[in-house]
Amino acid sequence: MPDKNHATVAVTGVTGALGSRIAARLAGHGVPQLLVGRSPDRMPELPGAQRRGPAAYADAADMRRALEGASTLILVSGHRTGRRLEEHATAVEAAIGVGVDRVLYVSLVSAAPTATYLNARDQWLTEQFLAGAGIRHTVLRAGFYASTPAALANEEFVVSGPATTGRAAFVTHEDIAAVITAVALDDGPRSEHDGATLEITGPEALTLDEAVTRIAAATGRPYRYEPETLEEAFARRWRRGMSGNQIETWISWYQAIERGEVSVVTDVVPRLTGSPATPISNAAWWPAPNTARGTAEFRRKRS
């Protein structure tokens, strides 16, 4: 049963790997929830949770209906569409319009106006919008997912890209969800996290070769990393028929690692959850090869 001591939390992205984990953790704490998204039939069944939708970020009317009754909105970033700022802004304005008084926004560690990783530029724009929106908010900048290298591997378990000496503090979905849950549970009229930017990272910064080697040991599968030059990385993806936008986005992911933009290691996970950050070797979940966003979509189009 929902806990009457907790205000209702609206959670987006619950059909994805992160949003589903956040919703499950909140349900475990007895928090009443509104699960918001475009595909209610794909949403998990959780105690104390109502499915709301279909509601896309860009549809103001649907978002207002879906968010009615919520006090806090956990906004998991949408996909890169070329209009992500407008979509996020529409969702936030809909939330304000129905009386939501706090937004927890899931951003990226490297968010900046000139970030190498293209997705991180969109995240920064949303952060700036929130800062001027007149609503209580917390920015939760997640590091690169520990699962992503495994999802980027091809059928032979090879991960290829233009990053050799750069490092990333890969973080598990579970640790990100645990931090976001801890912030959501601090739901009084004021929180020490209001206006804060929290960078959620793993316990150490690894090169891609080190990360992939540890994934291989953890899974018992022959994952290996093969570095590429920028020219090789572009040419291989172009020959496969990937769009220029897909190629640019994925190469920028590798280059953000190479340039050290996601190498910061913070104490946010242990400080907010009371447990140490999870090493990549101990991640609870590994996706199949060729399932990274963009790669998986391209594969579906080709089949």
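1. Arg-21 and Glu-174 form a salt bridge, with their closest N and O atoms 2.9 Å apart (a salt bridge is a side-chain nitrogen of Lys or Arg within 4 Å of a carboxyl oxygen of Asp or Glu). The pair links distant parts of the chain, 153 residues apart: Arg-21 belongs to helix α1 (residues 17–28) and Glu-174 to helix α6 (residues 173–185). Helices (H or I, at least four residues) and strands (E, at least two) are DSSP runs, numbered from the N terminus.

2. The model is predicted: local features need pLDDT of at least 70 and side-chain atom pairs count only at pLDDT 80 or more, while totals for chains, interfaces and linings use all residues. Residues are numbered from 1 along each chain as its sequence is written, and side-chain values use heavy atoms, with hydrogens and water left out.

3. Arg-21 has a further contact: its charged end sits over the ring of Trp-285, 5.1 Å from the ring centre. The criterion is that NZ of Lys or CZ of Arg is within 6 Å of the ring centre and within 35 degrees of the ring normal.

4. The structure holds 14 salt bridges. One of them joins Arg-84 to Asp-122, at 3.1 Å from N to O. This pair also links distant parts of the chain, with Arg-84 in helix α3 (residues 84–97) and Asp-122 in helix α4, 38 residues apart. Both Arg-84 and Asp-122 are buried (buried means under 20% relative accessible area, exposed over 50%, partly exposed in between, with a 1.4 Å probe and protein chains only). Arg-80 joins Arg-84 and Asp-122 in a network of salt bridges.

5. Within helix α2 (residues 60–67), Arg-65 and Asp-62 lie 3 residues apart, about one turn of the helix. Their salt bridge brings the closest N and O atoms to 2.3 Å. Arg-65 is exposed, at a relative accessible area of 55%.

6. How many aromatic pairs are there? The count comes to 6, where rings of Phe, Tyr and Trp (its six-membered ring) pair if their centres lie within 6.5 Å, and planes under 30 degrees apart count as stacked, over 60 as edge-to-face and the rest as tilted. Among them, Tyr-117 and Phe-144 are edge-to-face, 5.3 Å centre to centre with 75 degrees between the planes. Tyr-117 lies in the loop between β5 (102–108) and α4 (118–131), and Phe-144 in the loop between β6 (136–142) and α5 (148–152). Both residues are buried.

7. Why does the pair of Phe-234 and Trp-238 count as stacked? The ring centres are 5.9 Å apart and the planes are at 10 degrees, so the pair is stacked. Phe-234 is partly exposed, with a relative accessible area of 39%, and Trp-238 is exposed, with 52%.

8. The structure holds 2 cavities of 30 Å³ or more. On a 1 Å grid over the protein atoms alone, a cavity is a set of points where a 1.4 Å probe fits but cannot get out, and lining residues have an atom within 4 Å of a point. A volume is the space filled by probe spheres set on the points, which are joined across faces, edges and corners. The largest cavity holds about 50 Å³, and its lining includes Glu-174 and Trp-285.

Methods: 1 Å grid on protein atoms, 1.4 Å probe; cavity = no way out; pocket = protein on both sides within 12 Å on 5 of 7 lines; lining within 4 Å.
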